[in-house]
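Dear colleague,

Please find the structure below, handed over for your files. My findings follow it.

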Amino acid sequence: MYEIWLAANILLELALMNWPLVLAYALVLALLLILALRARPLPWRRRLPVALVAGALVGILSMLSVPGLIGAQLSDLAYWVDWANLFAVSAGFGAAAAALAWPLAAWQGRERFE
Amino acid sequence: MTRNSREHADSAHLHGMDRRSFLRLTTASALLLGINSRPADAAALKTAAHIVIAGGGLGGIALANRLSRELDGAKITILDRRPEHYYQPGYTLIGTGVWPRSKVVDAVAPLLPAGVNWVQEMVAEFDPVANSVTTDSGSKIRYDFLVVATGLHLDYAAIEGMDTTAIGREGLASVYNGPDGAVASWQAMAAFRDKGGEAIMTLPATPMKCAGAPLKTTFMLRDRLLKAGTLGKSNISFQSAQKNVFGVPRINEEVLTRWQALGIGVEFEHKLVGIDIGAHRARFVTPAGEKLERPYDFIHVVPPMRATDAVKKSALAWQTGPMAGGGWLEVDKETLQHKRFPNVFGVGDINGTPRGKTAATVKKSAPLVAANLIDVIAGRAPQLKFDGYTSCPLIVREGSALLIEFDYEGKLTPSLPMIDPLQESWFAWLMKVQLLKPAYFAVLKGRV
């Protein structure tokens, strides 16, 4: 339980330490959602695979680049815990990318949908 | 433990109106996520007590945040002149070229809770009989309860010829000497890395903070030489003033095994007693009194450490036993309450308890000190007992580390039992360079 509490606090502090980035992401996401929601009806479900593919690509890119971004190399990952954590971090980046891609993809598909 | 649900979302990194706005936004998000809504066991304890916290490092600020939240009506005074807070666990990263200086320096003011009286003076004298402290400007401040969180004294003066202003030149490094010392240490290491040569790494005989730092610096120096292609014409020798290189036997064996494989030589019971910086020569003495002189191209000096003068000269220090020589604070190792003055507690490096301290020690002990102090204020005996928990991400090269955690007994106590503390991992490196500083700030703010 304490470890969950600690992890939640680490995430909060990371967000505070990187607040310009977090704020920029939130603004872009909000803008895309507003854009998409104002153009209803949109093919949200049909365009979901596009967002998932975009998220997967970013996730794969993250898996390849995150170790190098913090001064390590992929060859430093020698323990299952390393791979599990790299996967979790990359999944987070992938999910963030998918969240941006989904409204954009739905908005781009609006004409054909209409 | 009494605890109210009021939390401060102040951040050391956020200043100015736009940041405040963002802070409100994130605090609101945190509230939605439940991060700022720890269960309230009970209402804050009402008291008119005056609590003085001597020292504004991690332990002092964490206590100020916790006590201001968990006590209602208390007067809390924190004494420390320094306007900047240094994230000391980052010194080894600066000193080995991983981080810039800016990553470890933050303003103190935003870290202190509203209502706490911050006196920007240092404690010069403790008088626990009269329940008062005297600051270096001569002001006398009376207290009902005292938390000693002064940190320790780096006794560079005990090394004949040592000059901290020379760190960064003539192959002289010492990552302990503040952020500027760490930056200068990297300059010395980088210059040595490019040429190679004879490197001496030292370890003092005294109790010390972050006992892993000399080991990390040694591992990283070898890694830097390897990557620069100068390892072949270099020799690294670790000169320990003790009979080991780390106090926890299992970790000591692990490090020595790794160093043997990496070609790092170790000599024990060689205490650094003097240095001729211009001539690049270090003088050591053995317990038998034998004097040795060693030439070097690069030396990492770890100074002997002792209690601050104010504690050492006061009645608060151990009067007998192995901790008396260094003047360390005489606290019970479990409750962290002073053994002779029950209205006094200690937190952090100043405590005369077994094992070296790290930020992780404060993470575990600051909530306990707050709870036990509140027990004493409420007229109860202290309830919680500290097991000596300490942890150290022991860097073995850039990109990999061991995540070791242990207690007073020297037992390995991994927080996540499925992770082998002796298995080097990228995860431990990730913790060291990305995740521990956020955790540290959560400790400062009294949340974890």
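Helix H9 of chain B is largely enclosed by the rest of the structure, because 16 of its 19 residues are buried. A residue is called buried if 20 or more other C-beta atoms, placed from the backbone, lie within 10 Å of its own, exposed if 12 or fewer do, and partly exposed in between. Helices (H or I, at least four residues) and strands (E, at least two) are DSSP runs, numbered from the N terminus.

This is a predicted model, in which local features need pLDDT of at least 70 and side-chain atom pairs count only at pLDDT 80 or more, while totals for chains, interfaces and linings use all residues. Residues are numbered from 1 along each chain as its sequence is written, and chains are lettered from A and ligands numbered from 1 in the order in which they are written.

After H9(B) comes Gly446(B), with a positive phi near 75°.

Two residues other than glycine also have positive phi. Asn131(B), near 55°, sits in the loop between strands S8 (123-127) and S9 (132-135) and is partly exposed, with 18 C-beta neighbours inside 10 Å. Leu336(B), near 65°, belongs to the loop between helix H7 (309-312) and strand S22 (344-346), and its 27 neighbours make it buried.
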